[in-house]
Amino acid sequence: MSSPEETEPGPAADLPAVAPQLRALRRRASLTLEAAAGAAGLSPAHLSRLETGQRQPSLPMLLALARIYGTTVSELLGETVADRDAIVRASDMESTRAGGWTYWQAGAPGRGMQALRVHVPYSTQGDIVRVHPGEEWLYILKGRLRLRLGDSAHILAPGDSAHFDSLTPHRLAAVDHDGTELLFVHTLLQSPTAALCLGPTPGEMP
């Protein structure tokens, strides 16, 4: 199996140039080259090549570096975004359905975290195992949720919460016939395919 360093694209990869940002953001985070490389699972020499533009990171590496430096993938890529409203009114939260679930966007789009209010109907998608980069936090508002993390299973009631690494295989399903309502926050590369990571159709799992 190839190591992450062996599989990352070279200078000609079709990614924006990130070298101008990487060193500045690492220094802003007060991390040495050795400390940052160790946290990202890279050699210091490889991270140095990323910072000098001799190599380009893969998308999973961008996610890892953004987490380590306490920033977003957009900032790593040097992208600028228009100022966003800090407030999202309930009247502005349009619902979206995917895989039988209903979502309301509860935060501004394009940020490093995505916040959603979610309704999970009974008997939908409980057999879908999800594994993807990032972190997830959820808080139960109404009903009970069955959460399977790896080999362990948990029943969460209103007021309960969970915070876990999304690379841990996980399943979510409503326990009660009226379904479950929850608040959900995840850190995930912002893209059209990742916009709704809770309710994929088979073959489109994040």
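The accessible surface of the chain comes to about 11100 Å² (Shrake-Rupley method, 1.4 Å probe; for residues, only the protein chains shown count as cover), and carbon and sulfur atoms account for 53% of that surface. This is a predicted model, so to speak: local features need pLDDT of at least 70, side-chain atom pairs count only at pLDDT 80 or more, and totals for chains, interfaces and linings use all residues. Residues are numbered from 1 along each chain as its sequence is written, and side-chain values use heavy atoms, with hydrogens and water left out.

Of the 206 residues of the chain, 35% count as buried, where buried is under 20% relative accessible area, exposed is over 50% and partly exposed lies in between (1.4 Å probe, protein chains only). Taking contacts (heavy atoms within 4.5 Å) between residues at least 6 apart in sequence, 67% join residues at least 24 apart.

Now to one of the sheets. Strands β6, β5 and β8 make an open sheet of three, in the order β6-β5-β8, with antiparallel pairing; two strands pair if DSSP finds at least two bridges between them. The edges are β6 (152–156) and β8 (170–174), and each has a single partner strand, so one side of each is left without a neighbour in the sheet. On average, neighbouring strands here are turned by 15° against each other, direction ignored; the axes are lines fitted to C-alpha atoms, for helices over the stretch in contact, and angles run from 0 to 180 degrees between N-to-C directions. Five bridges link β5 (residues 145–149) to β8 in the antiparallel sense, and Leu147 has Leu172 in β8 as its bridge partner.

Ile155 belongs to strand β6 and counts as partly exposed because its relative accessibility is 44%. Leaving out residues up to four places away in sequence, Ile155 touches Arg144, Leu145, Arg146, Asp160 and Val175. Val175 is 20 residues from Ile155 along the chain, and their C-alpha atoms are separated by 8.1 Å.

Elsewhere, Val129 sits in the loop between β3 (113–120) and β4 (135–142), and counts as partly exposed because its relative accessibility is 32%. Together with Val131 and Leu167, Val129 forms a nonpolar surface patch with about 230 Å² of accessible area. Patches are made of residues with over 30% relative accessible area and no salt bridge, joining like charges within 9 Å and nonpolar side chains (Val, Leu, Ile, Met, Phe, Trp, Tyr) within 5 Å; a salt bridge is a side-chain nitrogen of Lys or Arg within 4 Å of a carboxyl oxygen of Asp or Glu.

How values were computed:
Helix = DSSP H or I, 4+ residues; strand = E, 2+ residues; numbered from the N terminus.
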